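Me: Could you take a close look at the salt bridges in this model and walk me through them? I would like to know where the partners sit and how open they are to the surroundings.

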Amino acid sequence: MLVAGFPAGAWGTNCYLVAPAAGEECLIIDPGHQAAEGVEEAVAKHRLKPVAVVLTHGHIDHVASVVPVCGAHDVPAWIHPADRYMMSDPEKALGRSIGQQLMGELTVGEPDDVQELTDGATLRLAGLELTVSHAPGHTKGSVTFRMPEQADVPPVFFSGDLLFAGSVGRTDLPGGDHEEILQSLARVCLPLEDETVVLSGHGPQTTIGQERATNPFMRQVAAGPGGAATGASPRRGL
């Protein structure tokens, strides 16, 4: 399997291109702020044919390049219905203090073809299989994508802004909820195998085992009711 990832834009949001191998069809995950050029470079380098864009949530740092990327390759974008409005109205999703800073430089809107994600669905696209888990807390429509183990490749988990190396997504923007993100960690992340590779929306690659052992928020939910996230790391992104 091929995963080509790069951090894009002002927030260093990780965009991923995923394919069974070089020269084949691919999915594009979270083409955010200023990601279009990086997408085209990766497509050319690995001789890929995009067939869909899939989005972990609707914040502008993850969706800002959806329209040009989908338009360039005539492909649909997949997003959870609770976050769909953010593509056209990012200011409402971020709050005016952040949104006003962005509106002058960004063209917002939906691509021509938008498909909606549902919890527990399995997407079979580009010769790949992704299991969708609704994981609210960072936003109401946040989702994750899990790929099963393949040959010598361990399971891969695209966590969006639910889980980072050492931290979790912020919950202080509209639609965020601290208790909800802890519930999503417990329901979606804790059951995964330790060897599962975590590719998040911001920051470096990690594993579920590493986060289970060291991430204060994962340790809190593993401890059950009454646990506390001591030594919590700063949260990243929007």
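Reply: Happy to! The structure holds 6 salt bridges, a salt bridge being a side-chain nitrogen of Lys or Arg within 4 Å of a carboxyl oxygen of Asp or Glu. Side chains of opposite charge can pair when their charged atoms come close. Before the details, please keep in mind that this is a predicted model, in which local features need pLDDT of at least 70 and side-chain atom pairs count only at pLDDT 80 or more, while totals for chains, interfaces and linings use all residues. Residues are numbered from 1 along each chain as its sequence is written, and side-chain values use heavy atoms, with hydrogens and water left out.

Let's begin with R84. One of its partners is E110, with the closest N and O atoms 2.8 Å apart. E110 lies in the loop between helix 5 (96-102) and strand 6 (114-116), and R84 in the loop between strand 5 (77-79) and helix 4 (90-94), so this pair ties together parts that are 26 residues apart in sequence. Helices (H or I, at least four residues) and strands (E, at least two) are DSSP runs, numbered from the N terminus.

R84 also meets E116 in a salt bridge, at 3.3 Å from N to O. Because R84 lies in the loop between strand 5 and helix 4 and E116 in strand 6, the pair ties together parts that are 32 residues apart in sequence.

How open are these residues? Each counts as partly exposed: R84 at 25% relative accessibility, E110 at 32% and E116 at 40%. Here buried means under 20% relative accessible area, exposed over 50%, and partly exposed in between (1.4 Å probe, protein chains only).

Another salt bridge joins the side chains of K140 and E180, at 3.0 Å from N to O. This pair links distant parts of the chain, with K140 in the loop between strand 8 and strand 9 (143-147) and E180 in helix 6, 40 residues apart. K140 is partly exposed too, at 38% relative accessibility.
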